[in-house]
Amino acid sequence: MKRPVILLTGFEPFGGAGSNPSWEAVQQVKADWQEEAALHIACLPVVFAEAAERIDAMITLLEPDIVVATGLAEGRAAMAAEVIAINRIDARIPDNDGMQPRDVPVSAPGPDGLFSTLPVKPMVKAMLEVGVPAGLSYSAGTFVCNSTFYKVVAAQSRHGGMGGFIHVPATPDMVERADCPTMSVEVIATGLHAALMACLRGDRDAPSLETGTIA
């Protein structure tokens, strides 16, 4: 029986930050990984075109059963399992190549939105069960995270696998304001591991499952 294949990605630092907790946590998950599934990790550039090209190439090469892309959402206090990617780029700041597209589609032609094909509610439940604050999110923004999320779902739909996106909070070393919520890399990694295990178990969404929604 073929071992399940997982692709887990994070992003490089952007916006003047010295680190990105999504990539730090992804590396921690890989270092601690002892499950039967084959886990591949990658750090994506915070560049619209390049991130899309790299994730598409890796999916074509690896043919993963599960793709979970992760990125930073500073200001959020919990892990956010994203529900839908929208077909829109409206960059508040330039990407790491200095590009700042405004009000353009991720993919033309393409659906206005693509829903995650990951079991998002069971993933949130699994994270909560290991003590990691988590919830559902219905807005992945309009920056590189959202466009990568859209490309992941589209590519996995073509290849017959599941895919989606999780936003993670900032870490304490990243923020200066005392009122800005944070989460340690270790806790983020624990949450990501729990979310991956929910995918591997084949946990399915239940309409009545109460997981909470992140604004």
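Me: A salt bridge is a side-chain nitrogen of Lys or Arg lying within 4 Å of a carboxyl oxygen of Asp or Glu. How many salt bridges does the structure hold?

Reply: The model is predicted, so that local features need pLDDT of at least 70 and side-chain atom pairs count only at pLDDT 80 or more, while totals for chains, interfaces and linings use all residues. Residues are numbered from 1 along each chain as its sequence is written, and side-chain values use heavy atoms, with hydrogens and water left out. Counted in this way, the salt bridges in the structure number seven.

Me: What is the N to O distance where the side chains of Glu129 and Lys125 meet?

Reply: Helices are DSSP runs of H or I with at least four residues, strands are runs of E with at least two, and both are numbered from the N terminus. Because Glu129 and Lys125 stand four residues apart in helix 3, about one helical turn separates them. Relative accessible area sorts residues into buried (under 20%), exposed (over 50%) and partly exposed (in between), with a 1.4 Å probe and protein chains only; Glu129 is exposed at 56%, whereas Lys125 is partly exposed at 37%. Their salt bridge spans, from N to O, 2.5 Å.

Me: How many residues apart in sequence are the parts that Lys2 and Asp65 tie together?

Reply: The side chains of these two residues form a salt bridge of 3.5 Å, N to O, in which Lys2 is exposed at 58% relative accessibility and Asp65 is partly exposed at 33%. Since Lys2 belongs to the segment before strand 1 and Asp65 to the loop between helix 2 (48-62) and strand 3, the pair ties together parts whose separation in sequence is 63 residues.

Me: Leaving out residues up to four places away in sequence, which residues does Leu196 touch?

Reply: Leu196 is among the residues with the most contacts inside the largest core, as are Val29 and Trp33. With contact meaning heavy atoms within 4.5 Å, and residues up to four places away in sequence not counted, Leu196 touches Ile6, Leu8, Val29, Trp33, Leu39 and Val68.

Definitions and conventions: Core = buried A, V, L, I, M, F, W, Y, C linked by side-chain atoms within 4.5 Å.
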